[in-house]
Amino acid sequence: MRYDNNKPKIIRYTIYAVVIIITTLLQNSRGAFPEIFGARALVVLPLCVAISMHEREIAAAIFGVASGVLLDICTANDGFNSVVLMLLCAVCSLLISHFMQNNVVTSLVLSAGTISIYNILYMIINIGLSGGGSPVKQALLFYLPSAVYTMLFVPVFYFLVRWIYTKAEESGNN
């Protein structure tokens, strides 16, 4: 393996880290993204999927863990986000590497699946096991609208990450 030209990778990873931090802070700040009928966008999820689609499995898992740690810190969770995002990002990267093409339609499909799996696991672990209300009611009134709202951000993050990836690669070739 050659290590002589890591500049594009370092640039990409640094920019990804900054975008993840900013996105996490905006997601967890009241008023940064408007709530629509009580639904909140989980914008870190499509960002993680977009990064995973452009990076290898290990890097995708690391960015998933980093995003999850930030979410766990902001929401006072006990590691749920870290584990789930690591696994989902690694799976997305593997799917792109071996079975799917990297385009915006695939990003929509992978993001929809990621958001659905994340929400179902969150409801099972944090609502179902704690006995906090009706999971079906919460799924229909909060999680489903939040998933639809989050899907609006998928193309934005896909094209942002693709642009970052392309520009970093171009700077490495110069």
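Which residues does Phe153 touch, not counting residues up to four places away in sequence? They are Phe33, Ala41 and Val43, where touching, or contact, means heavy atoms within 4.5 Å. The model is predicted, so to speak: local features need pLDDT of at least 70, side-chain atom pairs count only at pLDDT 80 or more, and totals for chains, interfaces and linings use all residues. Residues are numbered from 1 along each chain as its sequence is written, and side-chain values use heavy atoms, with hydrogens and water left out.

Phe153 also turns up in the largest nonpolar core, a set of 14 residues. Such a core is made of buried Ala, Val, Leu, Ile, Met, Phe, Trp, Tyr and Cys residues joined through side-chain atoms within 4.5 Å, with buried meaning under 20% relative accessible area (1.4 Å probe, protein chains only). Tyr16, Leu47, Ile51, Phe157 and Val161 are, with Phe153, the ones with the most contacts inside it. A second, separate core of 13 residues includes Leu71, Val84, Leu88 and Ile115.

Leu71 also sits among the buried residues of helix H3, including Phe63 and Asp72. Helices H1 (7–27), H2 (44–54) and H4 (80–98) are among what covers them. Just after H3, Ala76 takes a positive phi of about 60°.

Key
Buried means under 20% relative accessible area, exposed over 50%, partly exposed in between (1.4 Å probe, protein chains only). Helices (H or I, at least four residues) and strands (E, at least two) are DSSP runs, numbered from the N terminus.
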